[in-house]
Amino acid sequence: MLTRRNFLKVSLGGATLCVLDSFAPMMSWAAQNEPHYFLHLIFPGGFDCTYMFDGRPLSMTKAQKIQNYSGVEPNLWEGSNGTSTWAAVGTKPLESYKNDITIVNGVLMTPAFDGHLQNMNYLLTGNPFGGASFMPLLNTESLPLDGIISGDIYADQVNFSNFVPLTSADAKTLVESVRLKTPLNPTNQVWQYINSRYAANSGKRSFSSSAAKMNSSIPSAARLEEYIRGVELPNSESIPFLDVVGQFFKKGISRSAVISEQLATDAHAAVDAKKCPAMAETIATRTRDTINFLKNTPYDDKRSLFDVTTLMVSSEFSRTMLQKEANFDETGTDHNNFNNSIILAGKKIKMGQVIGQSDWRTADEALSKAHLAMDDGTKRLFGKPFDFAAGKPRADLPEEFKIQDYLTVGSVINTLYSAFGVDEKHFREFERNGGKPPVISQLLG
Amino acid sequence: MGGSGEVKMRLALALLLICTGALGKLDNSGEFFGARNTNKKIYQGLLNGTATFQLSEYVGSDALGNLLGYQPGGLDTTFRNGIPNPTNMMLWSLAFEKFSHDIGKVCHGNSDDSMAKQLREDVLADVLTLCSWPSDKARDEELWDRLWLYALAYDAPESEVVAWKTFFMTSYEVSTPEQLVSDAFFSIFMNPHYLLRK
């Protein structure tokens, strides 16, 4: 029953959570001297992974189970760990990069919502309604910026204030302006006075906590200035954003970078679904070009940027096999939050593998009751249950849906946390105190 | 508890959650005023009607100005980039260092000076008096109070102006007038009461 006492408990508990949430990124992290950066290519809208590394044989299209507008038979792509998948036509640009990437398939997003915002929130924060994003948590306090971002992400991330939106042109202007500026010296008398005012006004309320942030930002701002002065960007009109990312990583300015590219991936209409093969190729091309850039850019005299950067390529979910209400030859696709495919590469990732798998691999496959409890069995590919000890998809068909049986995006993020040495107390949890999604140890090299 | 009491309690909880959500979106206290509003504040307090000053030019570009906080416009009511971080603190310092330096140059007494032409008449007169530092006239507390009020009005507590005056009166004895004027304005502009909403 809802009593006055319970009412207060709920309200105050909620209020405390809000406060704790916003302070989460300020917690101390183990010092990390080994260079490790994170680059995230995001393609919002939900791209159809069946045109990428979660393809299906044309026999299933013939049986009208899943539409494939490319009409091209996918190739078997075998991971070095014994798990395989079908690489669809869109993956051609990555054909010779098998040992440079690992595919994580059959990834469940939030089982409760199929909206873009909720699933993007779930991907980035672990909560369909938003919260602390995982990327700022990858930063140790030693780097001035949590990250830089090109493009927009629509998500509710409460700890994104040290993630700076930047274009290549702005980065160039910034470098030029900072070079002309007198260096910010926190120890000179006027800055000491200004800092004393920040300190005098610091506290825990909205104004005073910002004054505290101003105070704590000054040493980092001074370092940021110094590092930015050292940034060397090409002297051309148009600079690829990757060049900015490379410089910001090499100079130790930013821990992470996000490149968010809007393609028409949200293919509800047949006309858009028909463009998915070409869009998949665009995504694979961007991934290949990014890997090439990282490999060809020296970090120091021994290592390339690829050696010190973890790359992730993702969207908020994959898509349905078809739309039941549409004619099969003119079908679009809807959101599928029960399956996603993520590409990982670079530092700390054991590459060349295929981790996880989705079901509906043949036209007559028997589906689990767990799958059928969440979907009528005609629209959605579903991540298969996963054996975390063996690092392989399970063959059994669960009777009921339990999120702990599956490879979720929470496991992918916890694996990244583990790779970056993030304190376990920040690891994601399943909803409603269901424990922590296990780290996929086989992913780490 | 009876049924109607529980209904009321649930309604109250729902209202609280709705209000908290709404306030969360609308209340930007503790965030920067942003480049555009700060530009207005500068005009309101210090510059005359013919001034051409634009804060974003001092930062480098409009887009970089957005990193100091901005309202995207249209249906998007979210104020963005308003929370202090190393980047925006560096940019505020970049912009205000240049602006304060330009105000300090007024001490050269060149009537063609661009900033001298842009300052309000009363502000310019008081800045020129301050340029006689360390004369007695330049140490007049009323002069310092006026300079503070031009920029900040009554947006900061008394303790702030006291701290500001004390610092400059005691620490800038051997400073050049130009340096004093520049640093005095710079420290006002970088004050949290100048930059942050309350």
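How far apart are the mean positions of the positive and negative charges of chain A? In this predicted model, the mean positions of the 44 positive and 47 negative charges lie 6 Å apart. Here Lys and Arg count as positive and Asp and Glu as negative, with His and the chain ends not counted; each charge is placed at NZ of Lys, CZ of Arg, CG of Asp or CD of Glu.

Residues are numbered from 1 along each chain as its sequence is written. Local features need pLDDT of at least 70, while totals for chains use all residues.

Turning to the overall fold, chain A has 13 helices and 14 strands (DSSP runs of H or I with at least four residues, and of E with at least two, numbered from the N terminus). The radius of gyration, taken over C-alpha atoms, is 23 Å, close to the 22 Å that the globule rule gives for 445 residues, so chain A is as compact as a globular protein of that length. The rule is 2.2 Å times the number of residues to the power 0.38. Of the 445 residues, 59% count as buried, meaning under 20% relative accessible area with a 1.4 Å probe, protein chains only.

An open sheet of eight strands, with mixed pairing, runs in the order β6-β5-β7-β1-β8-β11-β4-β12 (chain A); strands pair if DSSP finds at least two bridges between them. Its edge strands, β6 (163-165) and β12 (354-355) of chain A, each pair on one side only. Strand β4 (residues 102-104) of chain A joins β12(A) in the parallel sense over two bridges, and Val104(A) stands opposite Ile355(A) in β12(A).

Key: Chains are lettered from A and ligands numbered from 1 in the order in which they are written. This is a predicted model: local features need pLDDT of at least 70, side-chain atom pairs count only at pLDDT 80 or more; totals for chains, interfaces and linings use all residues. Side-chain values use heavy atoms; hydrogens and water are left out. Buried means under 20% relative accessible area, exposed over 50%, partly exposed in between (1.4 Å probe, protein chains only).
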